[in-house]
Amino acid sequence: MIVLWTAGLGLLFFPSCTLHLLQNNTNFDSMVVRLMGMFVIGLASFVSLTYSYKLEKLYVWTIYIRLFFLITLVVLFSLYKNLLFGVILSILVLGIVLTVVAYQFQENGTK
């Protein structure tokens with residue numbers, strides 16, 4: 001969740017610096033990068049609210065959405081060979097693993 005907020009705010013307010021940190025090797029218009037930051041902040045808000053309100057039924061959906069992102073990033077990385085997609089993919093996989101582990105602990109604890 002912290003990663004989503006950091007990435008979203010970074011893309012919105014410091015687009016070129018954030019892209020550099022994410023190992024980007026392509027030129028993107030800052031307007032598009034800032035727009036992407038806006039959507040990442042929206043996703044971060046959704047995930048934050050889901051966890052803070054303990055909406056268990058939505059936990060699984062955060063995993064499904066991330067799996068969709070994972071598939072899309074694999075395709076983008078294979079098409080463009082931009083390390084940006086590889087770095088985001090690595091962060092996403094870590095997030096999926098941590099979410100699945102936390103979800104399993106939570107499920108086992110409530111039974």
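In this predicted model, helix α1 meets helix α3 through Leu4, Trp5, Ala7, Gly8, Leu9, Leu11, Leu12 and Phe13. On the α3 side, the residues taking part are Val33, Arg34, Met36, Gly37, Met38, Val40, Ile41, Leu43, Ala44, Ser45, Val47 and Ser48. Sorted by class, this contact holds 15 nonpolar, 4 polar and 1 charged residues. Helix α3 also packs against α4, and the points below treat these pairs together with the overall fold and one buried residue, Thr99.

**Packing of α1 and α3**

- Helix α1 covers residues 2-13 and helix α3 covers residues 30-52; their axes come within 7 Å and cross at roughly 155°.
- Because angles over 145 degrees count as roughly antiparallel, α1 is described as roughly antiparallel to α3.
- The α1 and α3 helices cross in a left-handed sense.

**Helix α3 itself**

- With 23 residues at 1.5 Å a residue, α3 should span 33 Å, and the 32 Å between its end C-alpha atoms agrees with this.
- The buried residues in α3 are Val33, Gly37, Val40, Ile41, Ala44, Val47, Ser48 and Thr50.
- Several of these, including Val33, Gly37, Val40, Ile41, Ala44, Val47 and Ser48, also belong to the contact with α1.
- The cover over the buried residues of α3 includes α1, α2 (15-21) and α4 (56-80).
- An α-helix has 3.6 residues a turn, so residues three or four places apart point the same way.

**Packing of α3 and α4**

- The axes of α3 and α4 lie 9 Å apart, and the two helices pack at an angle of about 155°.
- That angle makes α3 roughly antiparallel to α4.
- The crossing of α3 with α4 is left-handed.
- From α3, the residues in this contact are Leu43, Phe46, Val47, Thr50 and Tyr51; from α4, they are Leu58, Tyr59, Thr62, Ile65, Arg66 and Phe69.
- By class, the α3 and α4 contact comprises 8 nonpolar, 2 polar and 1 charged residues.
- Leu43 and Val47 of α3 take part in the contact with α1 and in the contact with α4.

**Helix α4 and the residue after it**

- Helix α4 has 25 residues and reaches 37 Å from its first C-alpha to its last, close to the 36 Å expected at 1.5 Å a residue.
- Tyr59, Thr62, Ile63, Arg66 and Leu73 are the buried residues of α4.
- Among them, Tyr59, Thr62 and Arg66 meet α3.

**Thr99 in helix α5**

- Thr99 is placed in helix α5, which runs over residues 83-110.
- A relative accessible area of 11% means that Thr99 counts as buried, because the cut-off for burial is under 20%.
- Apart from its neighbours within four places in sequence, Thr99 is in contact with Tyr51, Thr62, Ile63 and Arg66.
- Thr99 and Phe85 are separated by 14 residues in sequence and by 20 Å in space, C-alpha to C-alpha.

**The protein as a whole**

- The secondary structure consists of 5 helices and 0 strands, in the order α-α-α-α-α along the sequence.
- The C-alpha trace spans about 50 × 30 × 15 Å along its principal axes.
- Of the 111 residues, 28% count as buried.
- Among contacts between residues at least 6 apart in sequence, 61% join residues at least 24 apart.

Terms used: Residues are numbered from 1 along each chain as its sequence is written. This is a predicted model: local features need pLDDT of at least 70, side-chain atom pairs count only at pLDDT 80 or more; totals for chains, interfaces and linings use all residues. Side-chain values use heavy atoms; hydrogens and water are left out. Axes are lines fitted to C-alpha atoms, for helices over the stretch in contact, and angles run from 0 to 180 degrees between N-to-C directions. Helices (H or I, at least four residues) and strands (E, at least two) are DSSP runs, numbered from the N terminus. Angles under 35 degrees count as roughly parallel, over 145 as roughly antiparallel, 65 to 115 as roughly perpendicular and the rest as oblique. A crossing is left-handed if the near helix is turned anticlockwise from the far one by less than a right angle, and right-handed if clockwise. Contact means heavy atoms within 4.5 Å. Ala, Val, Leu, Ile, Met, Phe, Trp, Tyr, Cys and Pro count as nonpolar, Asp, Glu, Lys and Arg as charged, and the others, Gly among them, as polar. The expected span of a helix is 1.5 Å times one less than its number of residues. Buried means under 20% relative accessible area, exposed over 50%, partly exposed in between (1.4 Å probe, protein chains only).
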